[in-house]
Amino acid sequence: MTIYDTLNEMQKEAAFHTEGPLLILAGAGSGKTRTIIHRMAYLIDEKGVNPYNIMAITFTNKAAAEMRERVDALIGYGSESIWVCTFHSTCVRILRRFIDRLGYKTNFTIYDTDDQKSVVKDVIKRMNLDPKMYKERTVLSVISSAKDELIGPDEMMIRAAGNYAERKIAEIYKEYQEQLKKNNAVDFDDLICLTVELFRENKDILEYYQDRFRYIMVDEYQDTNTAQFKLVSLLASRYENLCVVGDDDQSIYKFRGANISNILDFEDTYPNARVIKLEQNYRSMQNILNAANAVIQHNLGRKNKKLWSDKGDGEKVKFSIYDNGIEEAEGVVEDIKKKVLTEGYSYKDCAVLYRTNAQSRALEERFVAANIPYRVYGGVNFYQRKEIKDILAYLKTIDNGQDDLAVKRIINVPKRGIGATTLSKVDTYAMERELNFFDALDMVEDVPGIGKASAKIQAFVDFIAVLRSKAETMRISELIREVIESSGYDKMLEEDAADEDEIAERISNLEEFVSKAVTYEEGTDEPTLSGFLEEVALVADIDNMDETVNRVSLMTLHSAKGLEFPAVYITGMEDGLFPSYMTISSGNPDDIEEERRLCYVGITRAMKELNLTCARQRMIRGETQYNQVSRFVKEIPPLLLEKREQGFMAGSRSTVKPSFLDRQSEGGFGRRTPVTSYSSVKSIGNPKNATLEYGVGDRVRHIKFGTGTVLAIVEGGRDYEVSVDFEKFGVKKMFASFAKLVKCEE
DNA sequence: GTGCCTGCTCACGGG
DNA sequence: GAGCAGGCAC
């Protein structure tokens with residue numbers, strides 16, 4: 001038996017096709033990560049490729065972490081030299097080494113959206129433009145789209161031609177870039193564009209990385225934008241060993257510049273490309289897949305694929321109509337409660353998905369009322385919260401005083417009696433002399449027109465200097481505590497907060513921040529303040545998903561991509577909400593298609609049970625709306641649906657008659673089959689496990705993870721999936737045939 | 001320089 | 001419905 005026997009025929013073909021361009025069209029739940037990882041193993045074990053020459057790029061840190069873990073488990077020794085990173089962190093690593101060639105310093109900071117807004121606002125003000133005509137948000141989205149397409153300020157100016165407003169935006173763009181450079185900062189889009197620019201202008205660097213990354217794999221390829229495509233194709237242009245994995249039906253990031261033609265035109269770009277489709281789904285019951293297929297079939301520009309599963313039909317898709325959003329939330333919560341009490345589900349098996357973050361509030365209230373544990377993912381990013389950003393600004397100022405925004409953010413927080421008038425004088429002084437804001441503060445004695453305030457400024461500069469010297473010896477977590485206390489930030493929180501709850505909330509956020517610093521210190525070989533700040537800049541909320549805690553997950557449909565849950569609830573299935581009003585009224589059919597793909601993503605998250613809900617009336621932005629049932633629900637054939645109407649407006653309760661699909665389900669998971677049996681954990685008592693020399697409860701050793709205890713052995717095809725609780729690395733799942741676990745004799 | 005009030009704007013998604 | 005910027009009073 002080899003490790004590849006666990007793959008199906010198509011997966012094998014993909015894994016064994018190692019040379020030249022390869023497009024893997026992988027439907028939802030078709031085992032694409034498995035395929036990629038086995039492909040890496042094949043490259044190393046059978047083709048003798050040095051792991052150092054293999055690169056895998058993902059979009060999210062979570063996907064990268066998952067891949068890293070599974071690669072380590074499968075390949076073991078040597079796997080650590082495979083480059084597994086997100087696009088953004090890949091670029092950061094490259095730029096930290098070589099960005100000086102583009103005139104930045106290698107210790108640049110990364111600006112988030114708020115920082116970008118401040119810069120743009122400042123630029124608009126200084127250019128004496130009407131802020132009502134040029135809104136930061138709009139300007140920024142134009143700049144961001146330009147960067148996604150690798151269009152610089154000069155090119156934008158040429159394209160604008162005679163259009164006055166566009167020319168002005170190009171000017172703002174140019175000035176914005178100069179400001180960033182002056183602050184030694186880059187934004188998220190710059191990370192990609194600057195790396196492309198670096199490669200284009202420095203052949204030696206490009207060749208170095210081309211030679212290093214001889215085998216490149218890109219996950220979620222349908223989400224790449226033009227700049228990311230360029231980056232990948234530059235890297236791959238020497239060896240052309242480019243394997244991209246994606247699903248055009250799951251492209252949901254057009255708003256972020258994702259260019260679906262990257263995947264649709266892959267074969268045109270690389271005429272010698274091999275295309276392999278993975279259509280067998282290992283996640284969901286057939287009824288769920290039929291619903292997903294039915295919906296997505298309404299899209300035109302797509303590559304034809306049809307998911308199928310051998311798991312049996314399972315239950316019908318439940319569709320419930322409620323009178324309003326509150327009752328919808330109540331209904332979902334009640335349903336989850338019932339499932340957990342009577343059907344053997346755990347809270348963590350359930351996910352509630354919605355189109356907009358604003359919808360989470362009503363749900364949260366009901367979960368709290370029902371005393372059911374839950375966690376909301378996404379929404380306001382942890383690191384965007386005011387108190388966290390304030391402390392981060394202190395840390396950035398301590399780390400290097402070049403980030404003007406950070407300095408300006410905290411110079412008067414807590415209040416030090418340094419006001420806007422004083423600051424603008426310092427600002428003018430700094431600009432005239434091309435100084436950093438902080439350096440100008442340091443020379444406050446020379447700044448004209450500053451009277452009493454100069455002593456206050458000097459005190460602030462001295463305070464930072466003290467923190468800097470402390471930072472040299474203190475751990476980061478200690479430094480954070482020191483900043484909070486010695487700056488008086490803790491006192492300020494208590495005085496300014498509206499009520500006790502707010503104080504508790506903010507304090508607990510700061511506590512969590514400290515513990516994140518501790519986690520960083522413990523998980524990093526050489527923790528540095530700069531390293532910590534960089535890590536913080538690149539995390540998203542969903543990256544911190546903790547599957548071990550038993551609670552219901554609430555998140556947007558976008559955040560749910562890549563995840564799976566036994567029971568999924570998609571709420572707010574109403575025209576005007578999902579698909580959103582903007583996409584219905586835009587008149588562009590592509591927009592509706594993107595919404596439909598989002599719906600497809602949502603449906604295919606469900607393993608065993610899918611629930612769709614909607615409300616007849618709903619409060620949106622303080623205004624009651626009456627929406628039709630979502631067109632996506634209507635696209636699901638009625639015989640796949642079990643419709644339930646709730647509330648006093650409900651008509652007679654209607655259940656669609658059993659169909660041929662129902663009859664097929666006999667022997668599979670019929671509706672009457674209890675759900676308790678879905679985790680098919682088998683202990684060592686199973687005779688099929690006789691080939692393994694260890695069993696549940698035994699102590700085993702792994703080449704990379706050291707020793708641990710076997711928790712469970714699950715049968716999966718011709719192999720066994722073994723869960724082991726390692727002393728140093730926690731619980732890991734791995735396949736027995738390639739984990740090469742050895743029983744410890746004690 | 002600070003604090004409060006009002007009125008405006010944004011309500012789609014995220015690294 | 002909520003958060004924020006800007007204006008105004010102190």
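The structure holds 0 disulfides, a disulfide being a pair of cysteine sulfur atoms within 2.5 Å. Cys243 takes part in no such bond, the nearest cysteine sulfur, that of Cys85, being 17 Å away, and Cys243 is buried, with a relative accessible area of 0% (buried means under 20% relative accessible area, exposed over 50% and partly exposed in between, with a 1.4 Å probe and protein chains only). Cys614 is likewise in no disulfide, with the sulfur of Cys599, the nearest from a cysteine, 13 Å away; at 2% relative accessibility, Cys614 counts as buried.

The model is predicted, so that local features need pLDDT of at least 70 and side-chain atom pairs count only at pLDDT 80 or more, whereas totals for chains, interfaces and linings use all residues. Residues are numbered from 1 along each chain as its sequence is written, chains are lettered from A and ligands numbered from 1 in the order in which they are written, and side-chain values use heavy atoms, with hydrogens and water left out.

Asn293 lies in helix α14, which spans residues 286–296 (helices are DSSP runs of H or I with at least four residues, numbered from the N terminus), and counts as buried because its relative accessibility is 5%. Leaving aside neighbours within four places in sequence, Asn293 is in contact (heavy atoms within 4.5 Å) with Lys306 and Leu307, and the side chain of Asn293 reaches the backbone oxygen of Leu307 at 3.1 Å.

DNA strand C is surrounded by Lys121, Arg361 and Gly622, where a residue is near a strand if one of its heavy atoms lies within 4 Å of it. A polar side-chain atom of Arg361 lies 3.1 Å from a phosphate oxygen of DNA strand C.

Methods: Helices (H or I, at least four residues) and strands (E, at least two) are DSSP runs, numbered from the N terminus. A polar contact is a pair of N or O atoms within 3.5 Å; within protein, one must be able to donate a hydrogen and the other to accept it, and residues adjacent in sequence count only if both atoms are side-chain atoms.
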